[in-house]
Amino acid sequence: MNEQVKATRVAWCSPSDFPQPKNLSLNFEWIRVDSSALFEKDFDVVVLDVKTFENLEEVNYIYNTIRLPTVVLIDTIEQESTALCWLEAGDETCKRDAIDWQISLRLQRSVWHSKQKHSFNLDKLTGTANFRRFNDYAIELLTSKEDGESVCLIYMDIDGFKFINDSHGPLVIG
């Protein structure tokens, strides 16, 4: 099997040159972008450099809008402390002076955590949203303050479906 490993697409939102990671465990495809291109959602992970934005509030806004695994490049402990207040678990910071040593580790951790968080909300057999995710989504949808279209939810408990399938399924009919 000579199958190529899919590269992890990294949106590099920074004026700095691409890093030269010392410990590369993933295959990264570095793509330089400006903040408007981040909304294309064609990336696996994003690097947001504080130097690209006017202030940390703008970084926070972009971060909360794109909702992708993110590493924030920082220069000072104050910037890191501020970012840590709003970064979700699994998203990372990386000091600029440690970038070549840490960026690949930080990106890998962020991508891994995002996949784990996603699979935590999926049924292992079907790959569909499990009850926990369905319940969270239903609450979010039903408590929304937005005026919009009517909403209808259908919840089916299929724990007894085996009996129906055994009695009326394709093997019985055929």
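Helices (H or I, at least four residues) and strands (E, at least two) are taken here as DSSP runs, numbered from the N terminus. The model is predicted, so that local features need pLDDT of at least 70 and side-chain atom pairs count only at pLDDT 80 or more, while totals for chains, interfaces and linings use all residues. Residues are numbered from 1 along each chain as its sequence is written, and side-chain values use heavy atoms, with hydrogens and water left out.

With these terms in place, T76 can be located in the loop between β4 and α2. At 30% relative accessibility, T76 counts as partly exposed, a class that lies between buried (under 20% relative accessible area) and exposed (over 50%), computed with a 1.4 Å probe and protein chains only. The side chain of T76 reaches the backbone nitrogen of Q79 at 3.0 Å, which falls under the definition of a polar contact: a pair of N or O atoms within 3.5 Å, where, within protein, one must be able to donate a hydrogen and the other to accept it, and residues adjacent in sequence count only if both atoms are side-chain atoms. T76 is also 9.0 Å from R96, C-alpha to C-alpha, although 20 residues separate the two in sequence.

The chain as a whole holds six helices and five strands, and these follow one another along the sequence in the pattern β-β-β-α-β-α-β-α-α-α-α. Of the 174 residues in the chain, 32% are buried. The chain exposes about 12,300 Å², and carbon and sulfur atoms supply 54% of that area; accessible areas come from the Shrake-Rupley method with a 1.4 Å probe, and for residues only the protein chains shown count as cover. Where contact means heavy atoms within 4.5 Å, 49% of the contacts between residues at least 6 apart in sequence join residues at least 24 apart.

Strand β5 (residues 92-95) contains E92, which counts as buried because its relative accessibility is 7%. Leaving aside residues up to four places away in sequence, E92 touches T70, V71, V72, L87, R106, R109 and S110. With one of these residues, R106, the side chain of E92 makes a polar contact of 2.8 Å.

Charged side chains provide a further set of links. A salt bridge is a side-chain nitrogen of Lys or Arg within 4 Å of a carboxyl oxygen of Asp or Glu, and by this rule the count comes to six. In one of them, the side chains of R9 and E29 meet at 3.4 Å, N to O. R9 lies in strand β1 (residues 8-13) and E29 in strand β2 (residues 28-32), so this pair ties together parts that are 20 residues apart in sequence. E29 itself is partly exposed, with a relative accessible area of 34%. The side chain of R9 also meets that of D42 in a salt bridge of 3.4 Å, N to O. This pair links distant parts of the chain, since R9 is in strand β1 and D42 is in the loop between β2 and β3 (45-49), 33 residues away. At 47% relative accessibility, D42 counts as partly exposed.

Another salt bridge joins the side chains of E88 and R67 at 2.8 Å, N to O. Here too distant parts of the chain are linked, with E88 in the loop between α2 (77-86) and β5, and R67 in the loop between α1 (56-66) and β4 (70-74), 21 residues apart. E88 is partly exposed at a relative accessible area of 30%, and R67 is partly exposed at 48%. Through shared partners, salt bridges join R9, E29 and D42 into one network.

Most residues other than glycine have a negative phi. R67 has a positive phi of about 55 degrees although it is not a glycine.

The cysteines can be considered next. A disulfide is a covalent bond between the sulfur atoms of two cysteines, identified here as a pair of cysteine sulfur atoms within 2.5 Å, and by this rule the count comes to zero. C13 is buried, with a relative accessible area of 1%, and C94 is buried, with a relative accessible area of 0%.

L142, V151 and L153 form a nonpolar patch with about 260 Å² of accessible area together. Patches are made of residues with over 30% relative accessible area and no salt bridge, with like charges joined within 9 Å and nonpolar side chains (Val, Leu, Ile, Met, Phe, Trp, Tyr) within 5 Å. L142 lies in helix α4 (residues 131-142) and, at 56% relative accessibility, counts as exposed.
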